[in-house]
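Here is a friendly walk through one protein model, in questions and answers. Have the sequence and the 3D view at hand as you read.

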Amino acid sequence: MLLRQLEYLVALARERHFARAAQACHVSQPSLSAAISKLERELGVPIVARGRRFESLTPEGERVLLWAHRMLADRDALRQDLSRMRESLSGVLRIGAIPTALPAAPLLTTPFCERYPHVRVTLESLSSQEITRGLDEFELDIAMTYVDSSARALPLYEERYVLLTPADEEIASRPVARWADVAALPLCLLTSKMRNRRILDGVFADAGVQPVPVIEADTVATLWAHVATRKWSSVIAHAWLQMFGAPEGMRVVRIEDPRRVPQIGLVAGEQVSMLARAMLGLTRGLDVRGELDRLLHKHLDRRDL
């Protein structure tokens, strides 16, 4: 069995199409098909359910696919280990991040790339469920996501919520806004498909209210574009100020502390790659929480200028 055969199987499972899988692997379709057939003969089980085109993997094929992910991840870990022995860590660090944590990512990736100049970083915006799957299937090395008390998580910061509202709104002059008053504003929020929105809905529910947003968006950038028109208000995670700041004519207002405060952390897969270990080690020496808190206080202080 060759690792290349396993790479072909992983590509086929991902693309679900022989021609596209062959193109992704930079080989001809007959070569890829022959390699998969050879793998079936070597293992003595059918891997692919074939018709005129790719239909699915067999139950045995799904099990082989799981092992393929593990074996390829071990190969990558070996390469990284040997690279580290040569005192020149290299490779590609694959990071998944929930959309609301993306603005804080440069606080980690910038010092990491400075420390390890031969490592490339890929950063992908994913849902919490997609991150879990990516870590389990070794498609990600590490992730920035909501965490609990899991031993696999390295806490980064608590997600704090503030109101972003037009400066001419009465609530903009308050030192602290109440959740009930925020719910009554014309709001622009993320959609309920996103975990950040579901957390906010829970916070509003704890305050005995339910927001009915005028605009719902599935990306932070789209939400920000609408808020910048100064026609709507929004409840934002304070990390977003790291990327977007406060649009002209808008004010950042504190909201009363919620009962539950979600935490963002760094989570590695069950088999921690050498690159993930390097990121975890570097992050332990960073003050991400402090950086974001200082940024928030800076925006809150501007209200008095």
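Please keep in mind that the model is predicted.

Q: Which element gives the most residues to the lining of the largest pocket?
A: The largest pocket holds about 640 Å³ of space. Of its 22 lining residues, Leu72, Arg75, Asp76, Arg94 and Phe138 are the closest to the centre. Two or more lining residues come from each of helix H1 (3-15), helix H2 (18-25), helix H4 (59-85) and strand E3 (91-97). The element that gives the most, with eight residues, is H4.

Q: How many charged residues are in the lining of the largest pocket?
A: Let's sort this lining by class. Eight of the residues are nonpolar and five are polar. The charged residues in the lining number nine.

Q: Which strands stand at the edges of the five-stranded open sheet?
A: The order of this sheet is E4-E3-E5-E13-E6, and its pairing is mixed. An edge strand has a single partner, so one side of it is left without a neighbour in the sheet. That describes strand E4 (119-125) and strand E6 (153-158).

Q: Which residue in E4 stands opposite Leu93?
A: E3 and E4 are paired in the parallel sense, over seven bridges. In E4, the residue opposite Leu93 is Val121.

Q: At about what angle does helix H5 run to E4?
A: Helix H5 covers residues 106-115. This helix lies across E3, E4, strand E5 (142-147), E6 and strand E13 (263-268). Its angle to E4 is about 165 degrees.

Q: How many charged residues are in the lining of the largest cavity?
A: The structure holds one cavity of 30 Å³ or more, and the volume of the largest cavity is about 30 Å³. Its lining is made of Ile95, Ala105, Leu108, Thr109, Ile142, Met144, Leu266 and Met279, with H5 and E5 each supplying at least two residues. By class, seven are nonpolar and one is polar, while the number of charged residues is none.

Q: Which strands stand at the edges of the four-stranded open sheet?
A: Here the order is E8-E12-E7-E11, again with mixed pairing. Each edge strand has a single partner, so one of its sides is left without a neighbour in the sheet. The edge strands are E8 and strand E11 (234-237).

Q: Which residue in E12 stands opposite both Val162 and Val176?
A: Strand E7 (residues 161-166) pairs with strand E12 (residues 250-255) in the antiparallel sense over five bridges. Strand E8 (residues 176-177) runs parallel to E12, joined by two bridges. Val162 stands opposite Arg254, and the residue opposite Val176 is likewise Arg254.

Q: Which element has the lowest mean pLDDT?
A: For the protein, the mean pLDDT is 88, with 94% of the residues at 70 or more. Among the elements, helix H7 (residues 179-183) has the highest mean, 95. The lowest mean, 82, belongs to helix H10 (residues 241-244).

Notes. Residues numbered from 1 in each chain as written. Predicted model: local features only at pLDDT ≥ 70, side-chain atom pairs only at ≥ 80, totals over all residues. Heavy atoms only, no water. 1 Å grid on protein atoms, 1.4 Å probe; cavity = no way out; pocket = protein on both sides within 12 Å on 5 of 7 lines; lining within 4 Å. Points joined across faces, edges and corners; volume = space filled by probe spheres on them. Nonpolar A, V, L, I, M, F, W, Y, C, P; charged D, E, K, R; others polar. Pairing = 2+ DSSP bridges. Contact = heavy atoms within 4.5 Å. Axes fitted to C-alpha atoms, helices over the stretch in contact; angles between N-to-C directions. pLDDT = per-residue confidence, 0-100.
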